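Please find below a colleague's note on the model under review.

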Amino acid sequence: MMEQPHSCCKGAEVLLNLQPTSSVSIQYHPFFGPHDDLVLLELDEKLLSDVLYQRVTLRGQPDEDAVLCTQSKTYSVKFVGTSNSVFLIPPADCSTSHESGGENYKQQVATASVIKVAPGNMELVEVAPRLDKLKSILSENLYSSDEASMAMGDLYKWGDLINKVQASDDELKAGLQALSAVEIDGYWRIVDEKYMDVILRMLLHNSVLNDWLLDSLVEDKVVSVLESDGFPRKLVYHCLNVYGSRVEEEAMGGGVWRLDARRVCVHFARGVLREGKRKMESFMEEWLRMIPEEMQPSFDMLEGEVLTEKLGVETWVRALSVSSLPTTPAERFSILFKERAKWEWKDLEPYIRDLNVPGLSSEALLLKYTRRSQPSIDVEPVFSAK
């Protein structure tokens with residue numbers, strides 16, 4: 001039962017060594033109240049050390065539900081009510097327990113002061129990082145060949161991004177890489193695709209003039225030549241990163257790079273389709289003309305980048321890049337079913353492969369957001385909106 005406040009009592013220490021069959025008296029703490037600044041947080045044991053050693057952060061704007069981030073993961077924070085009374089008992093203010101006095105001098109009555117009755121606790125559930133906002137804010141001010149664009153619109157440093165985007169540091173870095181963003185003068189930017197096209201074309205042009213092999217580009221030579229053509233050193237390195245990968249480090253610095261055939265081919269396919277859909281023959285003719293001779297293009301390279309459709313006897317090609325779609329499943333499926341009412345699995349799979357929902361497999365996502373139909377076992381299944 002609840003007793004009136006006593007001038008000397010023990011706090012949480014009373015409960016630490018309490019035996020299973022024992023009991024303890026409780027009373028109201030002098031400062032008993034709602035204490036909205038005190039909340040219980042239920043933690044998985046694997047998160048305990050991160051919280052105790054302050055390796056977590058709460059992220060979100062005033063109009064957003066807060067998330068808790070570790071170095072590598074993001075968790076939603078939700079309140080879960082309880083029907084049981086949960087007492088919060090602070091450490092004791094004094095070290096002696098209440099003595100009954102008189103004949104029962106040796107009997108000690110340990111009491112604990114309750115400062116708050118908690119109606120529930122906060123629960124953490126791992127969620128996918130909310131990276132759509134990252135793409136949105138960086139796309140507002142693309143970096144172009146016009147240097148004056150640097151002064152237009154908002155620019156974001158790393159510290160700005162972690163305050164605005166609800167993602168862990170590792171997830172945010174991965175998101176920046178997926179967007180092919182680059183840090184320029186301390187600010188993270190997405191380079192305008194048309195400017196990237198100019199740099200890539202100049203690199204390929206110089207590879208012909210200077211007999212460079214596209215699978216063994218010497219970094220120092222490439223950077224030196226493109227810098228002399230007027231391109232910023234930072235952007236030349238960025239071009240190599242976006243369309244290739246370093247395959248060898250040189251002892252004196254620099255390295256050797258190999259252009260990635262798929263990335264280069266996808267880039268030029270996007271350029272061909274930028275103005276709208278094309279007949280397959282027309283698209284293939286122009287696309288193949290743009291590809292360097294050293295590379296062997298295949299239409300399969302464009303999986304998740306283009307859609308084909310039959311109109312009469314003609315096959316048409318149009319752009320639909322998975323990188324342009326939202327990362328949240330509900331929005332992703334909504335857009336996909338606006339593009340097509342029905343999807344075969346071979347066409348749908350490239351557009352949902354990258355969806356990241358902790359605890360949900362691709363099969364679970366299909367069950368949740370699509371209706372599967374298969375008239376016979378010999379026919380490929382077709383997916384439509386639920």
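1. Basis of the model. This is a predicted model, in which local features need pLDDT of at least 70 and side-chain atom pairs count only at pLDDT 80 or more, while totals for chains, interfaces and linings use all residues. Residues are numbered from 1 along each chain as its sequence is written, and side-chain values use heavy atoms, with hydrogens and water left out.

2. Packing of α6 and α8. Helix α6 spans residues 193-209 and helix α8 residues 233-243; the two pack at an angle of about 85 degrees, with their axes 10 Å apart. That makes α6 roughly perpendicular to α8, a term for angles of 65 to 115 degrees. Axes here are lines fitted to C-alpha atoms, for helices over the stretch in contact, and angles run from 0 to 180 degrees between N-to-C directions. Helices (H or I, at least four residues) and strands (E, at least two) are DSSP runs, numbered from the N terminus.

3. The structure holds 21 salt bridges, each defined as a side-chain nitrogen of Lys or Arg within 4 Å of a carboxyl oxygen of Asp or Glu. One of them joins Glu 219 to Arg 246, with the closest N and O atoms 2.5 Å apart. Glu 219 lies in helix α7 (residues 219-228) and Arg 246 in strand β14 (residues 244-249), so the pair ties together parts that are 27 residues apart in sequence. Glu 219 counts as buried at 4% relative accessibility, whereas Arg 246, at 36%, counts as partly exposed.

4. Further salt bridges. Glu 286 pairs with Arg 278 in a salt bridge whose closest N and O atoms are 2.7 Å apart. Glu 286 is partly exposed, with a relative accessible area of 21%, and Arg 278 is partly exposed as well, at 22%. The side chains of Arg 353 and Glu 349 also form a salt bridge (2.7 Å, N to O); Arg 353 is partly exposed, with a relative accessible area of 47%.

5. The loop between α6 and β13. Asp 211 lies in this loop and has a positive phi of about 55 degrees although it is not a glycine. Asp 211 counts as exposed at 67% relative accessibility. The C-alpha atoms of Asp 211 and Val 198, 13 residues apart along the chain, are separated by 20 Å. Asp 215 is found in the loop between α6 and β13 (217-218) too, and counts as partly exposed at 42% relative accessibility. Leaving aside neighbours within four places in sequence, Asp 215 is in contact with Trp 257, Arg 258 and Glu 294. Asp 215 and Phe 31 are 184 residues apart in sequence and 72 Å apart in space, C-alpha to C-alpha.

6. Gln 54. Gln 54 is found in the loop between α2 (45-52) and β4 (57-59) and counts as exposed at 69% relative accessibility.

7. Glu 339. This residue is found in helix α11 (residues 329-339) and counts as partly exposed at 30% relative accessibility. Beyond neighbours within four places in sequence, Glu 339 is in contact with Arg 318 and Leu 320. Glu 339 and Leu 307 are 32 residues apart in sequence and 9.6 Å apart in space, C-alpha to C-alpha.

8. Surface patch. Tyr 28, Phe 32, Phe 87 and Val 117 make a nonpolar surface patch of about 320 Å². Patches are made of residues with over 30% relative accessible area and no salt bridge, where like charges are joined within 9 Å and nonpolar side chains (Val, Leu, Ile, Met, Phe, Trp, Tyr) within 5 Å. Accessible areas come from the Shrake-Rupley method with a 1.4 Å probe; for residues, only the protein chains shown count as cover. Phe 87 lies in strand β6 (residues 74-88) and is partly exposed, with a relative accessible area of 36%.

Notes
Buried < 20%, exposed > 50% of the residue type's maximum accessible area, 1.4 Å probe, protein only. Parallel < 35°, antiparallel > 145°, perpendicular 65-115°, else oblique. Contact = heavy atoms within 4.5 Å.
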